[in-house]
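This report describes a structure for a reader who has not seen it before. The sequence and the model come first.

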Number of protein chains: 2
Amino acid sequence: MAEPRTRPKRATIFDVAAEAGVSRGTVSRVLNGEPYVSQSAREAIEAAIEKVGYVRNTAARNLATQSSGAVALIVHEPHSVFVEDPNIGAILLGTNAALSEADYQLVSLIIDTDRDTERVVSYLGGGFVDGAIVVSAREDDPIADALQRLRIPTVLVGRPDTAPELPSVSIDNRTSARQITERLVATGRRRIGMIAAALDRDSGRDRLAGFRDALGDRFDATLVVDVPLYSFHAGQEGMRALLDRAPDINGVFAASDAIAAGAVDVLRADGRRIPDDVGVVGFDDSAWALRCQPALSTVRQPADRLGARAAELVLDEIRTGERRSGVVLLPTEVVWRDSA
Amino acid sequence: MAEPRTRPKRATIFDVAAEAGVSRGTVSRVLNGEPYVSQSAREAIEAAIEKVGYVRNTAARNLATQSSGAVALIVHEPHSVFVEDPNIGAILLGTNAALSEADYQLVSLIIDTDRDTERVVSYLGGGFVDGAIVVSAREDDPIADALQRLRIPTVLVGRPDTAPELPSVSIDNRTSARQITERLVATGRRRIGMIAAALDRDSGRDRLAGFRDALGDRFDATLVVDVPLYSFHAGQEGMRALLDRAPDINGVFAASDAIAAGAVDVLRADGRRIPDDVGVVGFDDSAWALRCQPALSTVRQPADRLGARAAELVLDEIRTGERRSGVVLLPTEVVWRDSA
């Protein structure tokens, strides 16, 4: 697929106001054909519109095309992850920036319960959005099913194995997990465990597979614990379980930075020095990584770019009517800091 | 204003499917009048609808009333705060839960740039939402202006002084800040500084005023630094500035937990023991408070309840057509842990 174009910034109503030397409200009144604007202001605004190259936006376009000018970002995460995970916010802002450039409105829809699922499906059927981006889709996700049935252009962030017909933007979780585990091995650790998470999703399964790839014959299934969520508390629980099973553990790959931060918390409370006694590595390079003491060695995942790229693909399908299925993998990098 | 009612959970399409012993998709096809459903399944579903008391949802209602069945949550925060601040996520989930109960769809709209502001105003004018909740509105916020002009039922979370005609849900920041500062004073600290933030908003100004109230004659303006954002990095910068000005400082009130966490980070790097050498207190009782080492003494702000209460007020105005302006203040409490 082609690389994203850098588009010139389009002029906004604020540029028009500044150029004309009037308030935004006055520009808005002229654009909306409202009365009570002086002839001189009207002329200044019309000259400014031409000078800065202002193009009427979504609402005006809707009248002509019957489209909504909106794209949904559907986030399907349990409460604790939604509140804790900086990746969600970064994906959201990346999506917003890319849609904004194209004058599309991002509307975020949150799914927390079955009731939410049902209502979102109904909303999507109402013609309120021209496209959709689904974050953290599950296998057999009823939202992905509904979007396909409704023929709404859709891109997944992440790559559920069960909806291969939908295009998706993701990272190579397996290779990335292998790379960071190999670096951890290279520090001389011999009792390396993993706190795996979200094994109902490809991201979680692939990170575990990459860990196993790196250890090869030395992989020991008893040193893997799995937790349901990519969260700090799940990391604490996972680390306690690992310490119970293997008090001599000296390396830990946590499936996310939030999990790693929880693991570090438990290790310190248990009197272990990091990295001296136990090396810990995470995944994401989210805000958790630098907050952690010591700062986490981790895999940098370009969360904002995932959102932006997904938006570009959805817009492309909206404009052309052509679905280009397949997986776009964005590059990651290992970031080595102080925790291992 | 009356306390929120606890509503019985309404039956969903999933309840109908379970009762009828068919898939959700089959129920959906019957509800949408689609063919290819067996007569026996159709009868089972109709019986189940009656038994569980299922009521057709938003999309069906729209046909009758021309309303959208959607309420916007408009979040106006700079990038770093949006990604870092757990309060935003908690407000969002609280709002979602309350709207979901009433079968309204939450659509979140993010404002990061002037271009976003303009496009959101245009979107709001398109009839896509029946009401709006605005988080972190600024003084002279163009979104609040537009919502009033469009006569869209609106509730603010937080209480900008400049839009008193709009109802709002908030906390008493000033009293809460006074209370936690008084507790800090009671630990015997005599050189107490504050890292104030977001002084362009009432929350930031009121927290500073409460700090001043608590110290009375002992208030020393040179021990107050102000930072632009409620963020970890702002807290680090603010603490460095305070240490430069007053190396003998022994108490700090940070205007948020994220700021307090940044301050703790800098104090520890400077070799200060907490709480022995310096007592630090925060504000929010967000996820930052427990992650901090030592755990933060702070003010608990009911972020999810702020969102839920705002949703209830918007729904009330949508249903009745009556605006009940005024400020609803939700209670806070001081939570004393280990950092002071």
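**Chain A**

The model is a predicted one. Chain A holds 14 helices and 12 strands. It has 340 residues, and 59% of them count as buried. Among the contacts in chain A with a separation of 6 or more, 72% are between residues 24 or more positions apart.

**How the two chains are related**

The contact surface is shared by both copies, as 100% of the contact residues of chain B recur in chain A.

**The interface**

In the interface, 54 residues of chain B are in contact with 55 residues of chain A. The area buried between chain B and chain A is about 5000 Å², and carbon and sulfur atoms give 54% of that area.

There are two salt bridges between chain B and chain A. In one of the salt bridges, the side chain of B:Asp103 meets that of A:Arg115, at 3.8 Å from N to O. Polar contacts across the interface of chain B and chain A number 19 residue pairs, with both residues at pLDDT 80 or more.

On the side of chain B that touches chain A, helix H7 (residues 114-124) of chain B gives the most, with nine residues. The residues of this side of chain B are 23 nonpolar, 16 polar and 15 charged.

**Backbone details**

| Cis peptide bond | Omega |
|---|---|
| A:Gln293 to A:Pro294 | about -5° |
| B:Ile274 to B:Pro275 | near 10° |

A:Pro294 is in the loop between helix H13 (287-291) and strand S10 (298-300) of chain A. B:Pro275 lies in the loop between helix H12 (257-269) and strand S9 (279-281) of chain B.

Positive phi values in residues other than glycine are the next topic. For A:Asp103, phi is near 60°, which is positive, and the residue is not glycine. A:Asp103 sits in the loop between helix H6 (86-101) and strand S2 (105-111) of chain A. Is A:Asp103 buried or exposed? A:Asp103 counts as buried because its relative accessible area is 11%, below the cut-off of 20%.

B:Ala198, also a residue other than glycine, has a positive phi near 50°. B:Ala198 is placed in the loop between strand S6 (192-197) and helix H10 (202-215) of chain B. The relative accessible area of B:Ala198 is 0%, so B:Ala198 is buried.

Key:
Residues numbered from 1 in each chain as written. Chains lettered and ligands numbered in written order. Predicted model: local features only at pLDDT ≥ 70, side-chain atom pairs only at ≥ 80, totals over all residues. Heavy atoms only, no water. Contact = heavy atoms within 4.5 Å. Buried area = accessible area lost by both parts, 1.4 Å probe. Salt bridge = Lys/Arg side-chain N within 4 Å of Asp/Glu carboxyl O. Polar contact = N/O pair within 3.5 Å; in protein donor to acceptor, adjacent residues only side chain to side chain. Helix = DSSP H or I, 4+ residues; strand = E, 2+ residues; numbered from the N terminus. Nonpolar A, V, L, I, M, F, W, Y, C, P; charged D, E, K, R; others polar. Buried < 20%, exposed > 50% of the residue type's maximum accessible area, 1.4 Å probe, protein only.
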